[in-house]
Amino acid sequence: MAGDKITATDYITHHLQSLTSLSDVAKGQGLDNIADFSFINIDAIFFSVLLGVIGSFLLLRGARKATAGVPGRFQAAVEILFEFVDDMCKSIIHNEQSRKAIAPLGLTLFVWIFLMNAMDMLPVDLFPWLWQNIITGNHHALLRIVPTADLNTTLALAIGVLVICIFYNIKIKGIRGWIHELFSAPFGAKLAPANFLLNLVEFLSKTVSHGMRLFGNMYAGELVFLLIALLGGAWATSGSVEVLDPILFGFHILAGLAWAIFHILVITLQAFIFMALAFVYIGQAHDAH
């Protein structure tokens, strides 16, 4: 975004690009020969790991603070959430032994994804501004703080669910039983090639749609926040942001508040849907065809 004027396209494009190289950071800090990981979205990995640690800490704290007496607010909230997730797991997965691992997994997924989604509630320019002006000193440095608005993150989560599905397919049915099912269901052994192809397509489509659903909703939400942020500036005929316009800034505040309130439902619902579909897919691995 060179120059004094920034177009709407420049603004949105800049915010939707991920940090894939530390070379810009190195330039801002006067460092040389720093490693370049241009094939990795560094910001998505950093924030997902950070929020995973925070989520694990909150759940661990809730478990350690649990008492048999009257629970505090935090303990009550964790217990309500755990009971809700556990009841859903029981309604979908009927294997009691499997539920001992799958229910905590579902709770972890929900909390983790909710925290990653909730990063969308922060002002869109806050962390990028801190990153560019305070940390790197480079006004061109990129940073995205919503990991689930990155397709790599959501597909990685979906592939993780796929791996667990394959694990339980083998654990419940045995390797021979699962391979037999791949080639014999749903049309019988006489159509083994068609069955195998159909089952591969089913696994692939479930995994891709699982990750794409979460990504699409969070990416769209991030884009709406960026469009609302643009209302805070006055647009000249050249299409560049120059000074604040009181009327547009008022619309910016009202629209941002309305969308943020609605988005609370979106980020919660998307975390719930991802967890619920994980239960459904893992539950299907327990069923024989």
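**Exercise 1.** Determine how the lining of the largest cavity divides by residue class.

*Solution.* Step 1: the model is predicted, local features need pLDDT of at least 70, side-chain atom pairs count only at pLDDT 80 or more, and totals for chains, interfaces and linings use all residues. Residues are numbered from 1 along each chain as its sequence is written, and side-chain values use heavy atoms, leaving out hydrogens and water.

Step 1: a cavity is a set of points, on a 1 Å grid over the protein atoms alone, where a 1.4 Å probe fits but cannot get out, and lining residues have an atom within 4 Å of a point. The lining comprises His15, Met119, Asp120, Leu122, Val124, Pro128, Leu143, Arg144, Ile145, Val146, Glu222 and Leu226.

Step 2: Ala, Val, Leu, Ile, Met, Phe, Trp, Tyr, Cys and Pro count as nonpolar, Asp, Glu, Lys and Arg as charged, and the others, Gly among them, as polar.

**Exercise 2.** Characterise the second largest cavity by volume and lining.

*Solution.* Step 1: with grid points joined across faces, edges and corners, a volume is the space filled by probe spheres set on the points. The second largest cavity holds about 60 Å³.

Step 1: its lining consists of Ala158, Val161, Leu162, Cys165, Phe203, Lys206, Thr207, His210 and Tyr281. Two or more of the lining residues come from each of α7 (151-184) and α8 (192-230); helices are DSSP runs (H or I, at least four residues), numbered from the N terminus.

Step 2: by class, this lining has 6 nonpolar, 2 polar and 1 charged residues.

Key: 1 Å grid on protein atoms, 1.4 Å probe; cavity = no way out; pocket = protein on both sides within 12 Å on 5 of 7 lines; lining within 4 Å.
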